[in-house]
Structure formats: structure tokens, C-alpha cells
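Hello,

Here is the structure I said I would pass on. My notes on it are below.

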Amino acid sequence: MNTPLPSAFTMFRRAVVLKCPLCGSRRTFIRRWLGRHERCRTCGIEWHREQGFELGPIALNSVFTFLTLGLGMIFAFVATAPDFPVRELTIGFMVAAVALPLLFYPFTNTLWLAFDLQSHKPGEAELARAAGAVA
Ligand SMILES: [Zn+2]
């Protein structure tokens, strides 16, 4: 494959809408919401590109979750001051702490693949293997 890789902006734009960062297809490695195919079903790029690859999306998911919870807490405390509805806020943030990682899950997978493809560009051999896997 002699075509150049998409730009970083293109890859991240595709990843944000759950498309394959490499080929832009919706038939990617995302399987339902919480599942994953081994490779993109269109271009064949393998999702698990190296040992420990899954730690990247987990870290990204944690950052997004804590950032969202932190901003939500600041907003909720400022909006309800000085009479904080402690029980309601606690229950709300407990539910959010479980729901947000599930919500972010597929996005962190595509975003991490985009980041990894930018920082660790696929070689000719990997692209040939990918093309062979979907041929
Ligand atoms: Zn693809």
C-alpha cells in the first residue's frame, strides 16, 4: 500500500465518530457497544497492535471519566451552593461513575488506535497483513 496515511486530524475526526481511523469505514472493529472484532472489517488493520495495547484505552477512559466527573462536581456544587443536596449528588455521581466508562468505551478504543497509528505508524508489512486479512 503506497497511499499515504491520513493526517492526524483526519484520524482523530474519524475516531470521534467511531469510524476506523485508518480507512474511515463504519464497518470497523467495534462490535455492538462493548465488544470488539480483532481487526477493522474494511481495511483489516489489527486493533491489538502490540503487547499491552488495551492499557491505552483503559487509561484514556479513566482520564475522560475523572475529568467529566470533576467538571460535573464543580458545576453541581456551584449551581446548588450553599444548600448542597448531598444525597442526590452522591447517588448521581455514583451512577455517573459507573455509566461514563461504559459510555466512553468504544470512543476510547478508536481514539487510542488513532493515537497509536500516529505515534507508531504501520509499516508495509503490517499494512500488507491487514489487506490480506480482509481479502
Ligand atoms: Zn479500517
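This is a predicted model: local features need pLDDT of at least 70, side-chain atom pairs count only at pLDDT 80 or more; totals for chains, interfaces and linings use all residues.

Residues are numbered from 1 along each chain as its sequence is written.

Overall fold

The chain has four helices and two strands, in the order α-β-β-α-α-α from the N terminus. Helices (H or I, at least four residues) and strands (E, at least two) are DSSP runs, numbered from the N terminus. The radius of gyration is 18 Å, whereas a compact globule of 135 residues would be near 14 Å; the radius is taken over C-alpha atoms, and the globule rule is 2.2 Å times the number of residues to the power 0.38. Along the principal axes, the C-alpha atoms fill a box of roughly 60 × 25 × 25 Å.

Buried residues are 21% of the 135 in the chain. A residue is buried if 20 or more other C-beta atoms lie within 10 Å of its own, exposed if 12 or fewer, and partly exposed in between, with C-beta atoms placed from the backbone. Of the contacts with a separation of 6 or more, 60% are between residues 24 or more positions apart; a contact means C-beta atoms, placed from the backbone, within 7 Å.

Helix packing

Axes are lines fitted to C-alpha atoms, for helices over the stretch in contact, and angles run from 0 to 180 degrees between N-to-C directions. Helix H1 (residues 8-16) packs on helix H3 (residues 86-119) at about 165°, with the axes 8 Å apart. That angle makes H1 roughly antiparallel to H3 (angles under 35 degrees count as roughly parallel, over 145 as roughly antiparallel, 65 to 115 as roughly perpendicular and the rest as oblique). H1 contributes Ala8, Met11, Phe12, Ala15 and Val16 to the contact, and H3 contributes Phe107, Thr110, Leu111, Leu113, Ala114, Leu117 and Gln118. By class this is 10 nonpolar, two polar and no charged residues (Ala, Val, Leu, Ile, Met, Phe, Trp, Tyr, Cys and Pro count as nonpolar, Asp, Glu, Lys and Arg as charged, and the others, Gly among them, as polar).

Helix H2 (residues 55-80) also packs on H3, at an angle of about 140° and with the axes 7 Å apart. H2 and H3 are therefore oblique to each other. Their contact has 16 nonpolar, seven polar and one charged residues.

Single residues

Most residues other than glycine have a negative phi, and most peptide bonds are trans. Leu18, in the loop between H1 and E1, has a positive phi of about 65°; with 15 C-beta neighbours inside 10 Å, Leu18 is partly exposed. Arg32 also has a positive phi, near 55°. Arg32 sits in the loop between E1 and E2 and is exposed, with 7 other C-beta atoms within 10 Å. The peptide bond joining Ala81 and Pro82 is cis, with omega about 5°, and Pro82 is in the loop between H2 and H3.

Arg36 belongs to strand E2 (residues 35-36) and counts as partly exposed, with 17 C-beta neighbours inside 10 Å. Leaving out residues up to four places away in sequence, Arg36 touches Phe29, Ile30, Arg31, Trp47 and Asn109.

Regards

Key:
Two residues are in contact if their C-beta atoms, placed from the backbone, lie within 7 Å.
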